[in-house]
Amino acid sequence: MGTIVPEPSDKAVPPSGGTLARMDQRISFVTLAVADLDATRQFYLDGLGWQAELDVPGEVLMIRTGEHLVLSLWNEDEFEAEVGPIRRGDGVAPFTIAHNVASPEEVDAVLATARAAGADPVSDGEQRQWGGYTGYFGDPDGHRWEIAHNPGPVGQIVLP
């Protein structure tokens, strides 16, 4: 069972002493570097049926994924020019992007949609030791999406 965490104050204490305002606890963009923006566009827009907020061919595709959240998919060269060199090598990147749904059946349906859109790999949904039901798929650049049903309180706060 988790612990209830008290609300933070609106001030932080910097290492040098004094106070300063806290950073808002939210994420605005998830930005991913992609090798082939055309394949990425086809996968997300045509395959998954999502809609672009901004589409600059050869540079960036931005998709609104929440009330205040944008998935930003940048051509690798543009990404590296702004952010810095990309680490390359074998294996899976050490993060996932999660899309939570209300039931295990919805997990399976979304995984089927991703499979039909060309996702590779796609792992079937399965019951997890922590009580949820999840499966994963890879987009054209191997970014792993977790499709999850989380019946706990935290899982409920992310559902629309």
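Predicted model: local features only at pLDDT ≥ 70, side-chain atom pairs only at ≥ 80, totals over all residues.
Residues are numbered from 1 along each chain as its sequence is written. Local features need pLDDT of at least 70 and side-chain atom pairs pLDDT 80 or more, while totals for chains, interfaces and linings use all residues, and side-chain values use heavy atoms, without hydrogens and water.

Reader: What volume does the largest pocket have?

Author: A pocket is an open set of points on a 1 Å grid over the protein atoms alone, with protein on both sides within 12 Å along at least five of seven lines; lining residues have an atom within 4 Å of a point. Points are joined across faces, edges and corners, and the volume is the space filled by probe spheres set on them. For the largest pocket this space is about 700 Å³.

Reader: Which residues lie closest to the centre of the largest pocket?

Author: The lining comprises 21 residues, and strands S5 (60-66), S6 (69-75) and S7 (97-100) each give two or more of them. Strands are DSSP runs of E with at least two residues, and helices are runs of H or I with at least four. Closest to the centre are Thr-65, Gly-66, Leu-69, Ala-98 and Val-158.

Reader: Which element gives the most to the lining of the second largest pocket?

Author: This pocket has a volume of about 530 Å³ and is lined by 19 residues. Strand S3 (29-34) and helix H2 each contribute two or more. The most, three residues, comes from S3.

Reader: Which residue caps the N-terminal end of helix H2?

Author: Helix H2 covers residues 76-83, and just after H2, Gly-84 has a positive phi of about 125°. At the N-terminal end, a side-chain oxygen lies 2.8 Å from the backbone nitrogen of Asp-77. That oxygen belongs to the capping residue, Asn-75.

Reader: Which residues does the cis peptide bond join?

Author: Pro-121 is in the loop between helix H3 (104-116) and strand S8 (122-127). The cis bond has an omega of about 0°. The residues joined are Asp-120 and Pro-121.

Technical notes. Polar contact = N/O pair within 3.5 Å; in protein donor to acceptor, adjacent residues only side chain to side chain. 1 Å grid on protein atoms, 1.4 Å probe; cavity = no way out; pocket = protein on both sides within 12 Å on 5 of 7 lines; lining within 4 Å.
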